Amino acid sequence: MALFGDVSVTFTPELRALTIVATATALMWVPYVVGRMATFGVLAPIGNPGPGYPVDRPWMDRARRAHLNAIENLAVFAPLVLIAAIVGISTPATVIAAWTYVGARFVHYVIYAAGIPVIRTLAFLVGACATVTIGAVLVSMA
């Protein structure tokens, strides 16, 4: 339990899920950068992109785009989980939604990098619904 002024915050299952997904998102650049280094050598990937910058293999580009998508979605999911923790809301629905989000984001990244479109979209939608669920619980308790 952490204390912030008059607000006491417990490390809820939702915060644990946020910690895991934020850490995973922070590491999602590793596969495509290692792929670039294995394909083009170490110096090209650490240089500045420009006209002579090598073109990524399709899976590397998809992994990069999946990483960007994960960051965009984390920007919506994280504040909702943090708000829930600050106001002391943790329900079975928010716990299930948070862990569903984590699973959906992992599936989305792997499937996106592999180039499987329909499952990628379904995983995205599951994660989006999980985020909306947490928001809906917060709004209903306001």
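The expected span of a helix is 1.5 Å times one less than its number of residues. The model you are looking at is predicted. Its protein chain holds 6 helices and 2 strands, and from the N terminus on the order is β-β-α-α-α-α-α-α.

**Overall layout**

- Taken along the principal axes, the C-alpha atoms of the protein chain fill a box of roughly 55 × 35 × 20 Å.
- Of the 142 residues in the protein chain, 37% are buried.
- The chain exposes about 8,000 Å², and carbon and sulfur atoms supply 74% of that area.
- Among contacts between residues at least 6 apart in sequence, 76% join residues at least 24 apart.

- Just after α4 comes Gly 88, with a positive phi of about 80°.

- In soluble globular proteins, nonpolar side chains tend to be buried together.
- Phe 77 lies in α4 and counts as buried because its relative accessibility is 0%, under the 20% limit.
- Beyond its neighbours within four places in sequence, Phe 77 is in contact with Leu 18, Val 21, Ala 98, Tyr 101, Thr 131 and Ile 134.

- Tyr 109 lies in α5 and is buried at 12% relative accessibility.
- Leaving aside neighbours within four places in sequence, Tyr 109 is in contact with Met 28, Pro 31, Tyr 32, Ala 63, Ala 66 and His 67.
- Along the chain, Tyr 109 and Phe 124 are 15 residues apart, and their C-alpha atoms are separated by 9.4 Å.

**Helix α5**

- α5 has 23 residues and reaches 33 Å from its first C-alpha to its last, close to the 33 Å expected.
- Its buried residues include Ala 98, Tyr 101, Arg 105, His 108, Tyr 109 and Tyr 112.
- These buried residues of α5 pack against α1, α2 (29–40), α4 and α6.
- Gly 115 follows α5 and has a positive phi, near 85°.

- The 15 residues of α1 should span 21 Å, and its end C-alpha atoms are 21 Å apart, which agrees.
- The buried residues of α1 are Glu 14, Leu 15, Ala 17, Leu 18, Val 21, Ala 24 and Thr 25.
- An α-helix has 3.6 residues a turn, so residues three or four places apart point the same way.
- Thr 12 is found in the loop between β2 (7–9) and α1, and is buried with a relative accessible area of 14%.
- The side chain of Thr 12 makes a polar contact of 3.1 Å with the side chain of Glu 14.

**Arg 36 in helix α2**

- Arg 36 sits in helix α2 and counts as buried because its relative accessible area is 13%, under the 20% limit.
- Apart from neighbours within four places in sequence, Arg 36 is in contact with Gly 41, Pro 45, Tyr 53, Asp 56, Met 60 and Arg 64.
- Arg 36 and Ala 128 are 92 residues apart along the chain, and their C-alpha atoms are separated by 30 Å.

Technical notes:
Residues numbered from 1 in each chain as written. Predicted model: local features only at pLDDT ≥ 70, side-chain atom pairs only at ≥ 80, totals over all residues. Heavy atoms only, no water. Contact = heavy atoms within 4.5 Å. Helix = DSSP H or I, 4+ residues; strand = E, 2+ residues; numbered from the N terminus. Buried < 20%, exposed > 50% of the residue type's maximum accessible area, 1.4 Å probe, protein only. Polar contact = N/O pair within 3.5 Å; in protein donor to acceptor, adjacent residues only side chain to side chain. Areas by Shrake-Rupley, 256 points an atom, 1.4 Å probe, with all protein chains shown as cover.
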